[in-house]
Amino acid sequence: MTTETTPGPTTGTTPVQGRTPAAPAPRDPEELRLTGTPTGNRALLSWVRDTARLTQPDEVVWCDGSQAEFDRLTALMVRSGTLIPLNPEKRPGSFLARSAPGDVARVESRTFIASRRREDAGPTNNWREPEALREELTGVFTGCMRGRTMYVVPFSMGPVGGPLSRLGVQITDSPYVVASMRTTTRTGSQALAAITPGTPFVPAVHSVGFPLVDAIGRSRADVPWPCNDLKYVAHFPETREIFSFGSGYGGNALLGKKCFALRIASAMAREEGWLAEHMLLVKVTSPQQRVFHLAAAFPSACGKTNLAMLRPTLPGWRVETIGDDIAWMHPGADGRLRAINPEAGFFGVAPGTGWSTNPVAMEMLREDVIFTNVALTDDGDVWWEGMTDEPPAHLTDWRGEDWTPGCGRPAAHPNARFTVSAKRCPSIAAEFDDPDGVPVDAILFGGRRASGVPLVTEALDWSQGVFTGATVSSERTAAAEGAVGELRHDPFAMLPFVGYHMGDYFAHWLSMRERVPAQGLPRVYSVNWFRRGEDGRFLWPGFGENSRVLEWICRRLEGSAGARFTPLGNVPADGALNVEGLDLPAQDLAELFAVDPQAWLAEADHLEEYFARFGARLPGEITGHLDLLRYRLSAGRAL
Ligand code: GTP
Ligand code: SPV
Ligand code: MN
């Protein structure tokens, strides 16, 4: 950690009660000397200097990503009350953070795309005029780091120096964010060294928006989770800049993730001819040692981490993890679509993760984890709904209040999360660090659909595959603000993450067949683990048993499994899905694959209405598929 300090009575992360209101003279921004900093990239230096002038921190710290730096930051946060150290015998090297109750998830209503023309952001994004937004942001960022430390965090998305990797630098006044960025991205000296003079990087400014000193020098004490009711998660895709204000939570604050690796990267990818997607990435090995790489897009909190770390119940099958949230896929020189996971760790949903549902994740969480908004046990360990069948008799809940079973409140927040390095994952694949990525054999799209959508269907070709992605809808989860359970369209599981017009995004997906030869394009599938019976229970056991669906997909890829036609796509032929040993009544199996023409004709009407929002930018091919679907539903056969 290189520290460039202006002399001052305190540093920003300790309460400044010692100050008398009139004590601090306004800091001369020129005092924040940045010469001698560990970079020769002038654009980086002047951006850091300008941001320090605007936000007026007490000091500027360039982060080197070292273990010593991480240890200093966590110690600092333990002193300030942001982190609670967990019992080192139960959960070594681990901490619990409790966020402010109003800062628990992504804020889509305050997420902005600022493109020069409104129509380039499209109807699914909150558009802002760039200059007007810039002015507004200048207002809110002015002095917002007073009394705090400003950290400069250089990072690489993807292995440092890799041909598919991209560089960024996040400025933040949150040590929790610095520590989390170190775990979830490749931060520090190596990334900084890669930002040589003239090398482009994505600048990302973040502030929790809770200055400790006001404009006239009055101080206030810090709080364990500083944030601001006013929030902005702002993107300038044309100039590739990110500004985030007011939140310390997840995708709002760890700017390498949704802001860079999806919203900005999707705009880069469109321009450069690749795909930046909300997808997990796995390597699947069959009992015959054939290797398949699958990518899968499911909306937030709909099972990506669980599938990425799946332990197959089918003997001889192996699933290894490459990524659980984001995949960057490029046309390779080998005529395949090659994918990397740009992240270096996981920010995963805790509730629902247990020894019976996801033992790999449970092993991963044994040590070196920062948990946020889970419950604390009386012996200094963590607990959340779904970890064990029987809850402990007493807990401290995510808000810090006493909790007993049956008290009527969840102990963990439904969007409680763990932050852990991919190195801790027992199923991590050797290819995880391969800068050239892996060739993708199949892409899966899915969502939470209580009815209608079969367990698995196979698209007939790329074109129908793109239609399958475009038609994803899913019940909303606690990963973002809004009404949980409400069905909404979420094309490609990218509704909150496409940094430009959704119609252009569909067209970009279609155009991949001009960049990748037909035999190299992945096959496309739709999956749904969440179909329910009339009595409300899940029809499919899910989790490790999803390996049965993966088996059918891999057998299709090698040409050895049968399929039968439905209007939505191919489903397993009778007997082709291995359900041996499952306690699955024949009627449930039939229901899992039922396609109700009337319900789907109604869904086609909803889709038509939804797609109409995209106007002239909706590719005609998508409308064509809608017509084809209607024909197939009415005629019960292919055209
Ligand atoms: P983000 O990190 O928000 O993008 O989400 P994710 O897609 O990685 O979510 P994750 O895998 O953590 O999903 C968590 C939720 O999905 C938990 O409530 C799980 O219990 C549930 N879930 C995952 N897989 C299955 C499954 O096969 N069947 C059922 N019924 N639930 C599942
Ligand atoms: C999601 O919401 O899809 C996440 C969690 O992966 S967050 O990083 O908060 O966006
Ligand atoms: Mn996600």
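Mentor: About 890 Å³ of space lies in the largest pocket. A pocket is an open set of points on a 1 Å grid over the protein atoms alone, where a 1.4 Å probe fits, with protein on both sides within 12 Å along at least five of seven lines. The volume is the space filled by probe spheres set on the points, which are joined across faces, edges and corners. This is a predicted model: local features need pLDDT of at least 70, side-chain atom pairs count only at pLDDT 80 or more, and totals for chains, interfaces and linings use all residues. Residues are numbered from 1 along each chain as its sequence is written, chains are lettered from A and ligands numbered from 1 in the order in which they are written, and side-chain values use heavy atoms, with hydrogens and water left out.

Now the lining. A lining residue has an atom within 4 Å of a point. The largest pocket has 47 of them, and A301, C302, G303, V349 and R448 are the closest to its centre. By class, 20 are nonpolar, 17 polar and 10 charged. Here Ala, Val, Leu, Ile, Met, Phe, Trp, Tyr, Cys and Pro count as nonpolar, Asp, Glu, Lys and Arg as charged, and the others, Gly among them, as polar.

Which elements supply at least two residues each? They are α7 (250-253), α8 (256-272), α9 (304-308), β19 (345-349) and β25 (417-421). The largest share, 4 residues, comes from α9. Helices (H or I, at least four residues) and strands (E, at least two) are DSSP runs, numbered from the N terminus.

Look next at the second largest pocket. Its volume is about 670 Å³. It is lined by 26 residues, and Q67, R182, T183, S421 and K423 lie nearest its centre. That lining has 9 nonpolar, 10 polar and 7 charged residues. At least two residues each come from α2 (67-80), α5, β9 (186-187) and β25. Of these, α2 gives the most, with 4 residues. Note β25: it supplies residues to the largest pocket and to the second largest pocket.

S174 sits in the loop between β8 (166-172) and α5 (175-184). S174 is buried (under 20% relative accessible area; over 50% is exposed, partly exposed in between; 1.4 Å probe, protein chains only), at 6%. S174 touches Y151, H206 and V208, leaving aside residues up to four places away in sequence. Contact means heavy atoms within 4.5 Å.
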